[in-house]
Amino acid sequence: STERMSYYTANYQAPYRYNTTSYLEPQGDPSTDPATAAANTTDYVTFCIDCHTSTSNSVWSTTLNRWLRPIDWSIEKHGNGSADGAVSLNSPYSSTLDNKVLSCLDCHEPHGAPNVVLIRKEVNGDTLGAITTIAQTDCSFPYDTNKEIAYLCDRCHRDDYEFTTTCYENRYYIIHHDSASGDPFWTGGSCGSCHSGGGSDCTAERNTQNCNCCHYHGSTYTYEATTWRTF
């Protein structure tokens with residue numbers, strides 16, 4: 001069949017199978033070759049965006065009480081879009097700008113999942129903490145400090161603790177505000193414009209923002225007349 005991720009794109013990188021850092025999904029055999037995994041993974045992107053599309057269909061969620069956000073996989077960073085300047089990722093994903101692509105089912109389980117928006121209970125080799133809520137879609141006051149969604153983000157993106165063990169787990173000061181990460185980091189405005197509490201480094205007691213305030217399907221951010229994608 002041609003309905004495989006290897007036919008959709010040459011850049012698909014499968015995540016690790018549950019409870020291993022050696023074998024890739026879907027079959028979890030001894031091969032860690034991304035091309036083999038891509039050839040054995042159904043092209044879920046084409047399947048899912050037949051409905052979750054930015055051009056023709058709208059899907060209403062009774063659970064979220066809103067229309068689901070349309071997905072344009074051709075430009076999203078988790079799709080065929082490019083990262084901005086640098087990325088800091090966990091294995092098997094490379095922290096080079098090689099434009100890797102995800103399959104929708106790397107993070108979602110359409111047959112049912114214990115987390116909201118059908119987020120899988122395990123991603124990239126390990127289980128997640130419970131994700132019970134999805135945030136407001138902006139970072140304005142009052143701040144949304146529920147960071148459950150970071151349980152998902154942390155499976156592939158490096159948190160502060162993974163940069164240095166003197167920092168906190170499940171926080172992303174270094175990625176967002178420190179040049180040490182190599183990522184494009186935020187320098188505009190004061191800390192208090194987004195975070196309550198005190199301090200200004202990776203050990204600060206400032207309240208974190210919910211990742212989904214700024215990072216969600218279709219999200220962009222504009223600052224000083226420049227707009228860039230944030231997902």
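Student: Why is A180 called exposed?

Tutor: Its relative accessible area is 60%, and exposed means over 50%, buried under 20% and partly exposed in between (1.4 Å probe, protein chains only). So A180 counts as exposed. A180 belongs to the loop between α6 (173–177) and β5 (220–223), where helices (H or I, at least four residues) and strands (E, at least two) are DSSP runs numbered from the N terminus.

Student: What kind of model is this?

Tutor: This is a predicted model, in which local features need pLDDT of at least 70, side-chain atom pairs count only at pLDDT 80 or more, and totals for chains, interfaces and linings use all residues. Residues are numbered from 1 along each chain as its sequence is written, and side-chain values use heavy atoms, with hydrogens and water left out.

Student: What is the mean pLDDT of the protein?

Tutor: pLDDT is the predictor's confidence in each residue, from 0 to 100. The mean for the protein is 85, and 94% of its residues reach 70 or more. Strand β2 (residues 66–67) has the lowest confidence, at a mean of 80, and strand β3 (residues 122–123) the highest, at 96.

Student: How do you know that S88 is buried?

Tutor: S88 has a relative accessible area of 5%, so it is buried. S88 sits in the loop between β2 and β3. Contact means heavy atoms within 4.5 Å; leaving out residues up to four places away in sequence, S88 touches S95, C156, H157, R158, F163, I175, S181 and D183.

Student: And what makes Q13 buried?

Tutor: Q13 comes out at a relative accessible area of 5%, so it is buried. Q13 is part of the loop between α1 (5–8) and α2. Beyond its neighbours within four places in sequence, its contacts are L24, P34, P92, Y93, K100, V101 and D106.

Student: Why is L118 called partly exposed?

Tutor: L118 has 36% relative accessibility, so it counts as partly exposed. L118 also has a positive phi of about 55° although it is not a glycine.

Student: What about N19: buried or exposed?

Tutor: N19 reaches 63% relative accessibility, so it is exposed. N19 too is not a glycine, yet its phi is positive, about 65°.

Student: What kind of peptide bond joins E25 and P26?

Tutor: A cis one, with omega at about 5°. The bond from S91 to P92 is cis as well, with omega near 10°.

Student: Which residues are closest to the centre of the second largest pocket, and what is its volume?

Tutor: The volume is about 250 Å³. Of the 16 residues lining this pocket, E25, P26, Y44, L105 and R120 are the closest to its centre. A pocket, on a 1 Å grid over the protein atoms alone, is an open set of points where a 1.4 Å probe fits, with protein on both sides within 12 Å along at least five of seven lines, and lining residues have an atom within 4 Å of a point.

Student: Which residues have the most contacts inside the largest nonpolar core?

Tutor: M5 and W73, in a core of 19 residues. α2 (34–39) and α3 (44–48) each supply at least two of its residues. Another core lies apart from it, with 11 residues including C107, V123, I131 and A150. A nonpolar core is a set of buried Ala, Val, Leu, Ile, Met, Phe, Trp, Tyr and Cys residues joined through side-chain atoms within 4.5 Å.

Methods: Grid points are joined across faces, edges and corners, and a volume is the space filled by probe spheres set on the points.
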